[in-house]
Amino acid sequence: PATTTEPVPGGPAVGGVPLAEIADRFGTPVYVLDEAEVRDRCRTYRDAFPDAEVLYAAKAFLCRAMVHWVEEEGLGLDVCSAGELELAVTTGFPPERITLHGNAKTPRDLETALRLGVGRIVIDSPSEIARLAAAVGPGGHQKVMVRVVPGISAGGHEKIRTGTDDQKFGLSIADGYAQHAIARILDQPQLELTGLHCHLGSQITSVKPYLAAVRRIVGLMARLHEQHGLVLRELDLGGGHGIAYRPGEAALDLTSLARKVRTELSDACGASGLPVPRLIIEPGRAIAGPAGVALYRVLSVKHTGSHTYVAVDGGMSDNPRPALYGVRYAPRLIGRHSAAAPASVTVVGRHCEAGDILAADAELPADVRPGDLLAVPVAGAYHLSMASAYNLVGRPPVTAVRDGIARLLVRRESLEDIRSRDVGL
Ligand code: LLP
């Protein structure tokens, strides 16, 4: 099948498979992941940061195939729950290459991490220190980092900014909480503090906040060296690397990030007489996001006084991002030719909320009609991982394409799946 409009990433056929064929075979809504694109993105990171450890942030999207791809491409993993951790390790991911995060780790998170032998645990609050030390037990050993808050505002939306002092993550440097927690960790013989971590936020498109973070954290490392003789070997700058959701939008320049961070780090360490710590980064969105496409079928087209509403068979249950962060997407008509002029329409979902908007001001051919297929590019990160079963609509399946072949990775959530959890009366 041909498409009329500009190609989605990888073309109207992704991984050599026409998208319309995937919609027909697996039904809609459906996510399509381009395996080659995921792997290419992993390699781009390895090439841009040859001396750094690159951890894929599993929260963006995780399934067993993704675990395999990331493992084969030589990345580590950042997880933030026992669920993500267990999925990775039971799929064969080496636990020592995994870092556990979380501002409120449950007893099960910690128990799983210790039982499976996770590489590092990132301490996020003072109360976690004693809990973790007790769980590790006397004579035990666990590598830890401390998540510090450098007091830097960055990120694409208020809800995903985590570098400023007054939010729930990490321990502030300016307020002295980070220093206090570090001193307590140094008193715990079973906890080995390998370095400091920060995550500034998400969808950051400028290199500058990362450089500012390097300066602040190296400044803290220098003070810790003076006070405790402490030499920290690792600096984890988190993720947050911004991507373009629509043509023409800015993305973070990875090559520039790599070059400037390296220079800033060696300059700052040189000036403080510290050895340069090993850099760790944790991209999630920039690896999975552009490799995914979501496909929907149009169910109705309605004209009101000022708008045309194109309603599809998915919505905020499979993509809450427009409602949460006001993100804008650029859906494309696929599967048929249209000579009609482009019109500005609002693509909405099927859920019982007026805010269930998938794409405001989308440009689609004016003759868009029920039965048409729409492809929403850049749907690989924080779509399925944040999907819900709102209105008891099951979550969509995930397919992967490679070398002209499409295969099912995650099956559609059925009504039986949903009903089977409902055990009371
Ligand atoms: N490291 C840590 C500690 C994080 O908390 C996150 C994201 C990442 C790495 C990866 O960030 P990324 O490179 O993917 O931006 N649901 C939001 C994003 C929330 C991100 C939470 N933490 C969204 O849909 O935009």
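1. Basis of the note. The structure is a predicted model, in which local features need pLDDT of at least 70 and side-chain atom pairs count only at pLDDT 80 or more, while totals for chains, interfaces and linings use all residues. Residues are numbered from 1 along each chain as its sequence is written.

2. Domains. The protein is divided into domain 1 (13–32 + 289–420) and domain 2 (35–286); such bounds come from an automatic or database domain assignment. The C-alpha centres of the two domains lie 33 Å apart. To their contact, domain 1 contributes 22 residues and domain 2 contributes 21 residues, where two residues are in contact if their C-beta atoms, placed from the backbone, lie within 7 Å.

3. The domain 1 side of that contact. H11, strand E19 (398–402) and strand E20 (405–410) are the elements that give two or more residues to the side of domain 1 that touches domain 2. Helices (H or I, at least four residues) and strands (E, at least two) are DSSP runs, numbered from the N terminus. E19 gives the most to this side, with four residues. By class, the side of domain 1 that touches domain 2 has 16 nonpolar, four polar and two charged residues. In this scheme Ala, Val, Leu, Ile, Met, Phe, Trp, Tyr, Cys and Pro count as nonpolar, Asp, Glu, Lys and Arg as charged, and the others, Gly among them, as polar.

4. The ligand shell. The ligand is surrounded by 22 residues, of which the closest are Ala57, Ser202, Gly239, Gly284 and Tyr382; a residue is near a molecule if its C-beta atom, placed from the backbone, lies within 6 Å of it. Domain 1 and domain 2 each provide at least three residues of the shell. Helix H10 (285–288) and helix H11 (321–325) each supply at least two. The shell comprises eight nonpolar, nine polar and five charged residues.

5. Helices H8 and H9. Two packed helices are described by the angle between their axes and the distance between the axes. For helix H8 (residues 208–228) and helix H9 (residues 254–272), the axes come within 9 Å and cross at roughly 25°. Axes are lines fitted to C-alpha atoms, for helices over the stretch in contact, and angles run from 0 to 180 degrees between N-to-C directions. H8 and H9 are therefore roughly parallel to each other, given that angles under 35 degrees count as roughly parallel, over 145 as roughly antiparallel, 65 to 115 as roughly perpendicular and the rest as oblique. Their contact includes Tyr210, Leu211 and Val214 of H8, and Leu257, Lys260 and Val261 of H9. It has 10 nonpolar, one polar and three charged residues. The crossing of H8 and H9 is right-handed; a crossing is left-handed if the near helix is turned anticlockwise from the far one by less than a right angle, and right-handed if clockwise.

6. Helices H4 and H5. Helix H4 (residues 82–90) packs against helix H5 (residues 107–116) at an angle of about 25°, with the axes 9 Å apart. H4 is therefore roughly parallel to H5, and their crossing is left-handed. Ala82, Leu85, Glu86 and Val89 in H4 meet Arg108, Asp109, Thr112, Ala113 and Leu116 in H5. These residues divide into five nonpolar, one polar and three charged.

7. Helices H5 and H6. H5 also packs with helix H6 (residues 126–136), at an angle of about 40° and with axes 10 Å apart. H5 and H6 are therefore oblique to each other, and H5 passes H6 in a right-handed crossing. Leu110, Glu111 and Leu114 of H5 make the contact with Arg131, Leu132, Ala135 and Val136 of H6. By class, the contact has five nonpolar, no polar and two charged residues.

8. Backbone details. The peptide bond from Thr28 to Pro29 is cis, with omega near -10°. Pro29 lies in the loop between helix H1 (19–26) and strand E3 (30–34). Asp361, in strand E17 (residues 357–365), has a positive phi of about 50° although it is not a glycine.
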